[in-house]
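Work through these exercises with the model open. Try each task before reading its solution.

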Amino acid sequence: MKIGVIGTGYVGMVTAVGLADLGHNVIGTDKVTKKIEKASKGIVPIYEPGLGDLLKKNLKNGNLSFSPDLEETIRSSDVLFVCVNTPQRKDGSADMSFVEGVSRCIAENLNGYKLIVEKSTVPVRTSSWIKRTISLYKNKEYSFDVASNPEFLREGSALSDFLNPDRIVIGVESEKARNILLKIYKKYKEKIHITNIDTAELIKHASNSFLAMKISFINLISDLCEKTDADVEFVAKGMGLDSRIGKQFLKAGLGYGGSCFPKDVRALVKIGEDLGIGMKLLKEVDRINLARIDMFINKIKEALWILKNKKLAVLGLSFKPRTDDIRNAPSLNIIERLLEEESQLILYDPEAIENTKTYFPEKTKGIHYAESALEALTNANAALFITEWEEFKKLDLYKAKQLMSNPIIIDGRNIFEPDKVRKLGFEYYSVGRK
Ligand code: NAD
């Protein structure tokens, strides 16, 4: 059985490497030939801990190969994992044009039975559209099945999430498709949750929206804490100790970002509204999240009054630690707002500087890039912590204070202990606590 992986971005690359490591014969393809050229040489086009070693291992043992030719990949594969992007459209809905394009190409290259597996996050009922598209455009009478196998990996720990999953959701409607996927995921027999296709598709959107809701919930509570003597870190801990609630995703801060939560919440709102269901709950989740940027800008103003010409060290650009991904990162909105105020920004991130330079080129007025956190802090009027990288938690704050013009920290992720930082002589602002 040969597996083709279509789209080798964050999800596709991990899927291709992960499936090859399970012992399958895998070929990955992407329309961006540069990604394929790099991957073929064992270079991971993204930053993802551990992925490079496993990529090289599976290229070497022959389980994995890459090709820029989508049509050939389709013809030579029995199972196709579709991992293309499903970005947000202006109205909030998911842009399904990449999935549709791939479906047409599959139809035109059908040369025997194939199982088409949706790995991309797609709106419920997408499989019906894929089936219709393939039936409309196929030129030969071969049979095929569509299945859903949503991906739950987290960037930054994507490989271990793929190799040690909490669950594997499989949505199928034929015995054949079910058996093929059970064979592929044989190693994880105990963790497989089999449903119909609509259910599997909805599990993904519902899971991401629920996690986003937890984050917005604790941020709402954080606002309440700021108006009282409560401390959001202790509130979150006290809530999380209840096994019905759980401690994960109860971290107050600058809210969620990335290529999934913001678009997936909006896509589910649109799906629900199109079906005549009131989706105010999730709209509020989105509104609370967007308001985190105002909250942070207000804190900076509270500390510095006028932001024009203030030198600000912006520490952390990726949407979360351990990734170079800046898609929908809170940092981007914060930087834009500070540029409107004519601040001077010195940006630093352990991994995401190159990606950020495509968004804010080096010649952008008011933008400077630093090669270390301490360099960014030199002569700064304040330090803004935006992503909770380990490196920042270990920062030599004593040295930082000596380098800064004003010892002011505005911590959007509650990285530091307020008492400790204040003892060092910093003026310290954080989220949801005094
Ligand atoms: P991505 O943009 O990193 O990767 C998508 C890839 O598909 C790109 O490399 C693009 O060039 C390629 N592509 C698009 N059209 C193609 C075509 N016709 N032929 C060949 N290649 C094509 O996106 P991603 O982050 O990997 O996400 C992919 C899907 O998985 C999305 O639906 C996303 O919502 C979902 N998802 C993402 C994550 C995550 O953490 N990134 C986690 C779970 C699910």
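This is a predicted model: local features need pLDDT of at least 70, side-chain atom pairs count only at pLDDT 80 or more; totals for chains, interfaces and linings use all residues.

**Exercise 1.** Find how far a polar side-chain atom of R327 lies from an oxygen atom of the ligand.

Solution. The distance is 3.0 Å. That is a polar contact (a pair of N or O atoms within 3.5 Å). Next, take K35: an N or O atom of its side chain is 2.6 Å from a ligand oxygen. Then K31: a backbone N or O atom sits 3.1 Å from a ligand nitrogen.

Residues are numbered from 1 along each chain as its sequence is written, and side-chain values use heavy atoms, without hydrogens and water.

**Exercise 2.** Describe the shell around the ligand by class and by domain.

Solution. Start with class: 11 residues are nonpolar, seven polar and eight charged. Gly counts as polar here. Now the domains: domain 1 (2-195) and domain 2 (196-434) each give at least three residues. Their bounds come from an automatic or database assignment.

**Exercise 3.** Check the length of helix α9 (residues 197-226).

Solution. Helices are DSSP runs of H or I, at least four residues. The expected span is 1.5 Å times one less than the number of residues. For the 30 residues of α9 this gives 44 Å, and the end C-alpha atoms are 44 Å apart, so the two agree.

**Exercise 4.** Locate the partners of the salt bridge between D21 and K57.

Solution. The N to O distance is 3.0 Å. The cut-off is 4 Å, from a Lys or Arg side-chain nitrogen to an Asp or Glu carboxyl oxygen. D21 belongs to helix α1 and K57 to helix α3 (residues 51-60), 36 residues apart.

Definitions and conventions:
A polar contact is a pair of N or O atoms within 3.5 Å; within protein, one must be able to donate a hydrogen and the other to accept it, and residues adjacent in sequence count only if both atoms are side-chain atoms. Helices (H or I, at least four residues) and strands (E, at least two) are DSSP runs, numbered from the N terminus.
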